[in-house]
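Please read them with the structure open.

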Amino acid sequence: MKPVGSLPFLEDLWLALPELARTLLVMVGQILAVTVVIILCVAFLTYLERKIIGYMQNRIGPNRVGPGGWLQPFADVIKLLLKEVVVPSSANRFLFIIAPLLSIVPALATWAVIPLFPGFAIAEIDAGLLYVLALTSLGVYGVILAGWASNSKYALLGAMRSAAQIVAYEIAMGFALVGVLMAGGSLNLGKLVEAQSGGLFSWFWLPLFPLFIIYFVSGVAETNRAPFDVAEGESEIVAGFHVEYSGVAFAVFFLAEYANMILIAALTAVMFWGGWESLFAGWLFSGLDGTPLELLRAPGIHWLAFKIAFFLFCFLWFRATFPRYRYDQIMRLGWKVFIPVTIVWIVVEGAMAALRIGPWSA
Amino acid sequence: MFATFLFYALSTVLLAAAVGVITVRNPVYAALCLILAFVTSAVLWLLLEAEFLAVVLVLVYVGAVMVLFLFVVMMLDINTATLREGFLRYAPVGAIVAGLLVLELAYVIWFRSEGLPGGTPLVPRDAAYSSTEELGRVLYTQYLYPFELAAMLLLLAIVAAILLTMRSRPGLKVQDVAEQVKVRREDRVRIVTMKPESE
């Protein structure tokens, strides 16, 4: 790989570097690019959340900083960075500091295997689906350790709730992904997207409809978002696991929560909504090629971004619509409703595949 | 070269973490050391290109088992002084168990490895080889029966654990969820139409 450009000097410089250094530079560049984009997305997601929920509740939302309030996230970030980080005197200092990092790293590292556009993911690994499952299951450590290290009863209660909830919903998510794996016939996320090639009705959401619903709702529960946000239920346990956090440390938790939302939206888009496939693939005639409308037909990162944006909107929509679940109902939904439904659907899918009915006949 | 360096660095971390599990005072730290040990051994497996085993180790042990471990350990109020009381009494038994383990390990490493291809370097497969697929094929054909047997045993253990710990106390108040879900607005709210009262 070499950077595209016509400057002969830069090209010579690039070729003069040793092979290892070039690979390293490309990798670090890709990692930085994804991280910066995610963090910018998180910043504007917080703005859009306040704006969208504001309009849903017949308010205006933030509109003071910058044109239409667009610079509000930067004001928030500067405020959080300048605040003092308070470490409670009886907290476990080391774990207290490291916990926010443990929650942000998996949320960012999972992006390595997400297929961004046809034929490209940062790390094209064969066991991509397993990698996703393994990394998303690590995010809970940040929450648990934050709750324990704070040495505060509300924080510990929040951490306990969150641990039990995440373990419960992870199983349902895993089973839902088993269904996707059966339908796509591969653990590689890029191949899964290719298996869904075609328009809206050839994506997996239709044959795997129950699994899609369960995956997305479990994703909402896994990210501790409303209506499953009992881990930080303000009315009962103040702010849950991050009650003792302030300043930058709190900002990192905040970042992790929103990065996880974006990740779940991206994974739902990749597994069930055809990833970078076009919504109208195979429907629009090819005469549009060469015009800007070509983008409507062509697969690409813009479609993935559009789908992610749609699912993120759903996250915000849920938050503005549903009251918070009672805790025992959350556990009941996870263990006694979602897991049995996924298992039944896997059996149905297996039977259909064996009898060669539907899209699994391959 | 780089792989060798990684191997030694990770092995050092793994050994340190494993020693940490049994030496640190705080049980939460012990659990965290165990997590570190799991993660480093997963990376060691990755170096051997056994990506399925590595990911599953992280997924099952770090992602699920250790979360529950931590969950329990955090809620325990462990007094280390009472734990150390019987140290001398249990020391001989512990020494015997440790000696047996060392003997077994020595046997495996020095005698059993004669016939194993340990001396020859492992041959790396080409990029198209998927250890996940290969493992699945072997597991569902050659070892299908032991595999199913192990699954049954695990299911049995789950059911047994639930049965052993579930006691129904008399007079316990529990919510009947089916009853709660069945409730309609008409059961709870009575809408009254009445003439607006004027002063």
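Which residue with a positive phi follows H2(B)? Point 2 gives the reply.

1. Ground rules. This is a predicted model, in which local features need pLDDT of at least 70, side-chain atom pairs count only at pLDDT 80 or more, and totals for chains, interfaces and linings use all residues. Residues are numbered from 1 along each chain as its sequence is written, while chains are lettered from A and ligands numbered from 1 in the order in which they are written.

2. Helix H2 of chain B. B:Glu49 follows H2(B), with a positive phi near 65°. The helix itself covers residues 27-47. Helices here are DSSP runs (H or I, at least four residues; strands are E, at least two), numbered from the N terminus. Expected span is 1.5 Å times one less than the number of residues. For the 21 residues of H2(B) that gives 30 Å, and the end C-alpha atoms are 30 Å apart, in agreement. Buried residues of H2(B) include B:Leu32, B:Cys33, B:Phe38 and B:Val39. A residue is buried if 20 or more other C-beta atoms lie within 10 Å of its own, exposed if 12 or fewer, and partly exposed in between, with C-beta atoms placed from the backbone. The cover over the buried residues of H2(B) includes helix H6 (140-149) of chain A, and H1 (2-23) and H3 of chain B.

3. Chain B overall. Chain B has 9 helices and 0 strands. Of its 199 residues, 13% are buried. Among its contacts with a separation of 6 or more, 55% join residues 24 or more positions apart. A contact means C-beta atoms, placed from the backbone, within 7 Å.

4. Where the chains touch. Chain B supplies 18 residues to the contact and chain A 16. On the chain B side, helix H3 (residues 51-75) gives the most, with 14 residues. That side divides into 14 nonpolar, 3 polar and 1 charged. Nonpolar means Ala, Val, Leu, Ile, Met, Phe, Trp, Tyr, Cys and Pro; charged means Asp, Glu, Lys and Arg; the others, Gly among them, are polar.

5. The core. The largest nonpolar core has 120 residues, and those with the most contacts inside it include A:Leu130, A:Ile144 and B:Val58. Helix H11 (residues 247-272) of chain A gives the most to this core, with 18 residues. Such a core is a set of buried Ala, Val, Leu, Ile, Met, Phe, Trp, Tyr and Cys residues joined through C-beta atoms within 7 Å. Beyond its neighbours within four places in sequence, B:Val58 contacts A:Ala134, B:Phe38, B:Val39, B:Ala42 and B:Gly63. In H11(A), 21 of the 26 residues are buried. Just after H11(A), A:Gly274 has a positive phi of about 75°.

6. A:Asn58 and A:Asn224 each have a positive phi of about 60° without being glycine. Buried or exposed? A:Asn58 is exposed because it has 6 C-beta neighbours inside 10 Å. A:Asn224 is buried because it has 25. A:Asn224 sits in the loop between H9 and H10 of chain A.

7. A:Glu232. This residue lies in the loop between H9 and H10 (234-237) of chain A. A:Glu232 is buried, with 23 other C-beta atoms within 10 Å.

How values were computed: Two residues are in contact if their C-beta atoms, placed from the backbone, lie within 7 Å.
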